[in-house]
Structure formats: structure tokens, C-alpha cells
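Open the model in your viewer and keep the selection tool at hand. Follow the stops below in order.

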Amino acid sequence: MISIKDLLNLFFQELNGIYPKKEIEAIFFRLIDYWYNINKIDLILHPNFTIDETKLLNALQRLKKNEPWQYIIGQTNFYGLQFGVNPFVLIPRPETEELVEWIIKDNKYKNQLEILDIGTGSGAIAVSLADNLRFATVSAIDFSENALKTAKINADKNKVSINFIKQDILEDFNCNKLFDIIVSNPPYVRNSEKKLMHKNVLDFEPSSALFVSDDDPLIFYDKIIDFYKQNTRTGGLLYLEINEFLKNDLEKLLFEKNIEKYQFRKDIFDKWRMLKIIKNDNGSILS
Ligand SMILES: C[S@@+](CC[C@H](N)C(=O)[O-])C[C@H]1O[C@@H](n2cnc3c(N)ncnc32)[C@H](O)[C@@H]1O
């Protein structure tokens, strides 16, 4: 048994140089909250309170190898909901919460919607939309069997019903359905950008969820926009998370595809991270 205060100091000492001090503290409290239901106030009030250190020492070793804490506890929070995560799925990011927020704000007063999430991973987008737009029917695609299993568990845990479909979206396919909203956070990080990324992403998160070749970085956007054109109703909306460095290339792609009615949006860090496309009355896409 060891006191919480000593354990925190050990975390600072051992993880120094791997994570900033503030992040070490945040991770430490996330872990002790999850395993022992102890929070920061408990530490202030009872600094000498002792706990069995086994789990935390094991976690410390894994953190030292850059494993994300979310995979260590197998959980994360997204849009106020709990999601199980594992190395088969990307850890959902705060910028994706902003995309979800945009969709909910735009569509919360409608009363019937068919939504499709392409590349669902943990199910973060599909589940949070189904939870917040209760009148919507939500489907979700991924080509990874293991991701779909994880997403199904997350849908059940959050008590929403989603129609999961195993499909490679780079292959031609037909859903035999018309959607009102399609959303996707597809792979969009160019291989050349790997050098800008942290080891905890590169070594642990699924590369098939993240990376695209530098020769064809918009491959998913190209396919998804074509699919959207064919499989949405009039007024159909397409929401996409985007690579901040590829906005100009995307604008070019939209021009080539005769898409005129669209809106890019920045995230809270002032980076271009979202795109919405709107389909007009006659099925074509005009401003
Ligand atoms: C960036 S992750 C997004 C995960 C989740 N939607 C989120 O926002 O956290 C991209 C997802 O697309 C899936 N994916 C990659 N290539 C695919 C393909 N060719 N067909 C279908 N899904 C694919 C990956 O398995 C991964 O789950």
C-alpha cells in the first residue's frame, strides 16, 4: 500500500519528459477516479490515504511506453457519453465532438431523419447522434469487424439502436436506402505528416483509421461525396471532418464535382476542421 500523494509524485518523476506536468496530473486523476473512485479533492483532504498500487504501477509502465491512458482503462468520454475503446478503434477526439455538435444544432428540430456514419470506429459519432436525435434512424459503416464489434457494445451500453454494416467504402456498394444526413470522419492524415505526430498515436492507434497516401490524400472524400450524391434525398446533408492542411485541395475537389453549396468551419483552435455540403431541390448541388 502507498499513499496517493507518493504515487502522484512517482508519476511526475517517471513520466517527466514524456508528458507535460499538467497532463501527467490529469492522467493520474483519470486513472484513480476510474479504478478507486478517488478525485483531486480527496487527495487534498487526505494526502496520506493509501491504496493498493498494483494497477497504477502497471499503468505507469504502459504510460512510459506511450500507450494512451484511454486504452489502459479501455474507456473514454465523448460528447458526455462513455465509450469502450481498444487498439482496434481510434480514440475519439474533441474536434469530432464539434462536428457532432454542429449536426445536432442544425437538425434537432426535425422529426424524422435517416443518418449514416461512414467509418464509425468506436461508434462515437453514430451513438452520440442517436442519443441526441432520438427521432433519427442511424446506420453506421466500417470495414473493420473488430471496430464494428466495439461500436455495437458502445451502442448497447448507451442504450441506442444502430444498424451496423460491414463495408469497405472504397469499393462500390449500394445501400438501397436514401439518407437525410451522411457524416464521416474518414482517414485523412498524409503519411508525410507522421513525423508531426506523437508516439502514442503512431505506436498504438490503428493506422488504417488515420493514414492516407500522399499521392491521393482525398481518396475517401472523393468516394464519400459520390456516394452522398447518389444516396441522399433532396436537402440531404453531408458533414465531414477534414485535415486542416487540405482545405484548398478539398475546395478544388468540390469544384470538380460541381458542388457549390457548402460551408467550411473552424474548430475552437481556429483550424479548418469541418465541412458541410447541402443538396438542392433538383438533386444537383448548387448554391
Ligand atoms: C478516423 S477513424 C474515425 C472513427 C470514428 N468515426 C471517430 O470519429 O472517432 C476512421 C474509421 O474509418 C474506418 N475505415 C478506414 N478505411 C475504411 C474503408 N476503406 N472502408 C470502411 N471503413 C474504413 C476505420 O476502420 C476507422 O474506424
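Select Lys 108. Bear in mind that the model is a predicted one.

Stay on Lys 108 and show its surroundings. Lys 108 sits in the loop that links helix 6 (94-107) to strand 5 (113-118). Which residues does Lys 108 touch, not counting residues up to four places away in sequence? The contacts are Leu 133 and Phe 135. Now draw a distance from Lys 108 to Asn 258. The two residues are 150 residues apart along the chain, and their C-alpha atoms are separated by 29 Å.

**Next: the domains**

Colour the chain by domain. The domain assignment gives domain 1 (2-65) and domain 2 (86-278). The centres of domain 1 and domain 2 lie 35 Å apart.

**Next: a helix pair**

Select helix 1 (residues 4-15) and helix 4 (residues 54-64). Their axes come within 10 Å and cross at roughly 15°. Helix 1 and helix 4 are therefore roughly parallel to each other, since angles under 35 degrees fall in that class. The crossing of helix 1 and helix 4 is right-handed.

Show the side chains at this contact. Helix 1 contributes Leu 7, Leu 10, Phe 11, Glu 14 and Leu 15. Helix 4 contributes Leu 56, Leu 57, Leu 60, Leu 63 and Lys 64. What is the make-up of the contact of helix 1 with helix 4? Its residues divide into 8 nonpolar, no polar and 2 charged.

**Next: Asn 200**

Move to helix 9 (residues 199-204) and pick Asn 200. Is Asn 200 buried or exposed? Asn 200 counts as buried, because its relative accessibility is 17% and the buried class is under 20%. Bring up its neighbours. Leaving out residues up to four places away in sequence, Asn 200 touches Tyr 19, Asn 66, Pro 68 and Glu 205.

**Last stop: Lys 252**

Select helix 12 (residues 247-256), where Lys 252 lies. Lys 252 counts as exposed, because its relative accessibility is 56% and the exposed class is over 50%. Draw one more distance, from Lys 252 to Gln 263. Lys 252 and Gln 263 are 11 residues apart along the chain, with 14 Å separating their C-alpha atoms.

Terms used. Residues are numbered from 1 along each chain as its sequence is written. This is a predicted model: local features need pLDDT of at least 70, side-chain atom pairs count only at pLDDT 80 or more; totals for chains, interfaces and linings use all residues. Side-chain values use heavy atoms; hydrogens and water are left out. Axes are lines fitted to C-alpha atoms, for helices over the stretch in contact, and angles run from 0 to 180 degrees between N-to-C directions. Helices (H or I, at least four residues) and strands (E, at least two) are DSSP runs, numbered from the N terminus. Angles under 35 degrees count as roughly parallel, over 145 as roughly antiparallel, 65 to 115 as roughly perpendicular and the rest as oblique. A crossing is left-handed if the near helix is turned anticlockwise from the far one by less than a right angle, and right-handed if clockwise. Contact means heavy atoms within 4.5 Å. Ala, Val, Leu, Ile, Met, Phe, Trp, Tyr, Cys and Pro count as nonpolar, Asp, Glu, Lys and Arg as charged, and the others, Gly among them, as polar. Buried means under 20% relative accessible area, exposed over 50%, partly exposed in between (1.4 Å probe, protein chains only). Domain bounds come from an automatic or database domain assignment.
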